[in-house]
Amino acid sequence: MEKTDLLSEVFATLRLRSDLYFRADLAGPFAVEVPAERRLVRFHYVRRGGCWLRGGGAETALQLTEGELAILPNGGAHILADDPQRPALPLHTLLAEAPPDSAGLLRYGEGAGRVELLCGFCAFDEDIEHPVIASLPSMIVLRPQDLGAQPWTLTALRLLGLESELAGDGMRGILSRLLEILFIQALRQSGTTADDGAPGYIAALADPQLSKALSAMHRAAEHPWTIGELARVSGMSRARFAERFTRRVGQAPIAYLTHWRLMKARRLLRESELSTEEVATRCGYASLPSFTRRYKMAFGIGPGAYRRQNRRP
């Protein structure tokens, strides 16, 4: 399995899904504070004009200009403003004063200067903590002038702008999927540009040796892997493999394997017709009771109850 397929599998299991909050047309002096919200990746695309972005894990205010996309993966509070020093109005107050219209357009403020934004989010399964989430940077900014070596990302970014201008039928669905595409592209690129030895799950996928072990665990989660076996798959000594994997991924190899088995089980319970016993077997558990105990310990609910609550019709 190639590392890009591995990343796709992780996000499919996390149930990555995107949607739009609204399109915003802000005029004159403004400053809006977007509250913190767990498990959300926020997006702000500048359709016209420009604004400042403050917070979101960044040490200093960042200026955004037309055609640029800011991605804030950690759900932290942040402020959008025409002036980085301007006191901010809470978003809920602004929405009470000027709720979006039926087309999802929020208009606010009067005066010179204007910025048009497209604001959206990506959400994940609330109960899963995968290293790809933990290792996300506090902010990613995609600027067209910096994407010359990434024509696929530049094309998606331009299509985001064009589709938001068209505002035709199906626009919301198309824009939501484009946000997901841009998010995954940005993460994938961060792994290929990381410094040698840099921590993070994406960097581990880009590591030609560690990626072999990760792929093996994903391909055969039911196999009783040992650190020695995984080290041989990676072409490293046992000690070197364990240290490098833990440093890069943020979890020890067997801890990651255990977590991935439970993630896979969660997906199979939700989407497959397999019995709970067969799910346990395919995820490396020798008995149903041991699987049930571990699943409930991880997610606070037994596999049977989870399946009943989340089974697709």
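Is Cys122 buried or exposed, and what is its relative accessible area? Cys122 is buried, with a relative accessible area of 0%; buried means under 20% relative accessible area, exposed over 50% and partly exposed in between, with a 1.4 Å probe and protein chains only.

The model is predicted: local features need pLDDT of at least 70, side-chain atom pairs count only at pLDDT 80 or more, and totals for chains, interfaces and linings use all residues. Residues are numbered from 1 along each chain as its sequence is written, and side-chain values use heavy atoms, with hydrogens and water left out.

**View 1. Cysteines Cys119 and Cys122.** A disulfide is a pair of cysteine sulfur atoms within 2.5 Å, and by this rule the count is zero. For Cys122, the closest cysteine sulfur belongs to Cys119 and lies 14 Å away, too far for a bond. For Cys119, the closest one is in Cys51, at 8.6 Å, which is also too far for a bond. Cys119 is buried, at a relative accessible area of 4%.

View 2. Helices (H or I, at least four residues) and strands (E, at least two) are DSSP runs, numbered from the N terminus. Two strands pair if DSSP finds at least two bridges between them. The strand order in this sheet is 9-1-10-3-6-11, with mixed pairing. Strand 9 (105-108) and strand 11 (140-142) are the edge strands, each pairing on one side only. On average, neighbouring strands of the sheet are turned by 20° against each other, direction ignored. Axes are lines fitted to C-alpha atoms, for helices over the stretch in contact, and angles run from 0 to 180 degrees between N-to-C directions.

**View 3. Strands 1 and 10, with helix 4 on the sheet.** Strand 1 (residues 17-27) pairs with strand 10 (residues 114-123) in the antiparallel sense, over 10 bridges. Within this pair, Phe22 has Cys119 of strand 10 as its bridge partner. Helix 4 (residues 151-166) packs on the sheet and touches strand 3 (40-48), strand 6 (69-72), strand 10 and strand 11. The direction of helix 4 makes about 70° with that of strand 3. Contact means heavy atoms within 4.5 Å.

View 4. Strand 2 (residues 31-34) runs parallel to strand 8 and is joined to it by two bridges. Strand 2 also pairs with strand 7 (residues 78-81), in the antiparallel sense and over four bridges. Glu33 stands opposite Pro90 in strand 8 and opposite Ile79 in strand 7. Strands of a sheet pair through backbone hydrogen bonds, either parallel or antiparallel.

**View 5. The crossing of helix 7 and helix 8.** The axes of helix 7 (residues 210-219) and helix 8 (residues 227-234) come within 7 Å and cross at roughly 125°. The two helices are therefore oblique to each other; angles under 35 degrees count as roughly parallel, over 145 as roughly antiparallel, 65 to 115 as roughly perpendicular and the rest as oblique. Leu210, Lys212, Ala213, Ala216 and Met217 in helix 7 meet Leu230, Val233 and Ser234 in helix 8.

View 6. Arg266 belongs to helix 10 (residues 253-271) and is buried, at 2% relative accessibility. With neighbours within four places in sequence left aside, Arg266 is in contact with Asp125, Asp127, Ile128, Tyr295, Phe299 and Tyr306. Gln185 lies in helix 5 (residues 171-192) and counts as buried at 10% relative accessibility. Not counting residues up to four places away in sequence, Gln185 touches Trp152, Thr153 and Ala156.

**View 7. Gly304 in helix 13.** Helix 13 (residues 303-310) contains Gly304, which is partly exposed at 26% relative accessibility. Gly304 is 278 residues from Leu26 in sequence, and the two are 49 Å apart in space, C-alpha to C-alpha.
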